[in-house]
Amino acid sequence: QVRLVESGGGLVQPGGSLKLSCIASGGDFGSKVMGWYRQAPGEERDLVATIGPQGGTYYRDLMKGRVTISRDDAKNTVYLQMNNLHTGDTAVYYCKMGTTVSIVSGPHYWGQGTQVTVSS
């Protein structure tokens, strides 16, 4: 059984930074594409970034240039470093485990999410 647990969210001022973590148990983490999504109230869940098993990364324009996704396979953990946060970045951020080749199709798993609030 796969379990994903996010942490690192919280309240930050505009212009601030946060680093989110997602620890996976089960699911052969090192072989899977991992991703971070976010969902603001009343909006759809949007892809922020992905990282493949070989370390290749992809960033949506949503937060491109302000976020860095990384992974530590020895710790079964994927990270999202977020910088220069805006009030519009306020959302619940979710970790997702995809397949060996895709984050958007095939079997997948979600974490429970971590709240990020950007406010002065």
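## Strands β7 and β8 and their sheet

In this predicted model, strands β7 and β8 pair in the antiparallel sense, and six bridges join them. Within this pairing, serine 70 stands opposite tyrosine 79 of β8.

The two strands belong to an open sheet of four strands, in which the order is β1-β3-β8-β7 and the pairing is antiparallel. The edges of this sheet are formed by β1, residues 3-7, and by β7, each of which pairs on one side only. From one strand to the next, the twist averages 15 degrees.

## Tyrosine 79

Tyrosine 79 is part of strand β8, which covers residues 77-82. Its relative accessible area is 17%, and because buried means under 20%, tyrosine 79 is classed as buried.

When neighbours within four places in sequence are left aside, the residues in contact with tyrosine 79 are Lys19, Leu20, Ser21, Trp36, Thr68, Ile69, Ser70 and Asp72. A further spatial relation concerns isoleucine 23, which is 56 residues away from tyrosine 79 along the chain, while the C-alpha atoms of the two are separated by 8.9 Å.

## The nonpolar cores

The largest nonpolar core is made up of 28 residues, and those with the most contacts inside it are Trp36, Val78, Leu80, Met82 and Tyr93. At least two residues of this core come from each of the strands β3 (18-25), β4 (34-39), β5, β7 (67-72), β8, β9 (91-97) and β11 (114-118). Apart from this core lies another one, of six residues, which include Val33, Tyr37, Leu47 and Ile103.

Tyrosine 93, one of the residues with the most contacts inside the largest core, touches a set of residues that lie beyond four places away in sequence, including Glu6, Leu20, Trp36, Tyr37, Arg38 and Val48. Also among the contacts of tyrosine 93 are Met63, Leu80, Met82, Gly113, Thr114 and Val116.

## Threonine 50

Threonine 50 is found in strand β5, which runs over residues 46-51. The relative accessibility of threonine 50 is 10%, and since the limit for a buried residue is under 20%, threonine 50 counts as buried.

Not counting residues up to four places away in sequence, threonine 50 touches Val33, Met34, Gly35, Gly56, Thr57, Tyr58, Ile69 and Ile103.

Definitions and conventions
Residues numbered from 1 in each chain as written. Predicted model: local features only at pLDDT ≥ 70, side-chain atom pairs only at ≥ 80, totals over all residues. Heavy atoms only, no water. Buried < 20%, exposed > 50% of the residue type's maximum accessible area, 1.4 Å probe, protein only. Contact = heavy atoms within 4.5 Å. Core = buried A, V, L, I, M, F, W, Y, C linked by side-chain atoms within 4.5 Å. Pairing = 2+ DSSP bridges. Axes fitted to C-alpha atoms, helices over the stretch in contact; angles between N-to-C directions.
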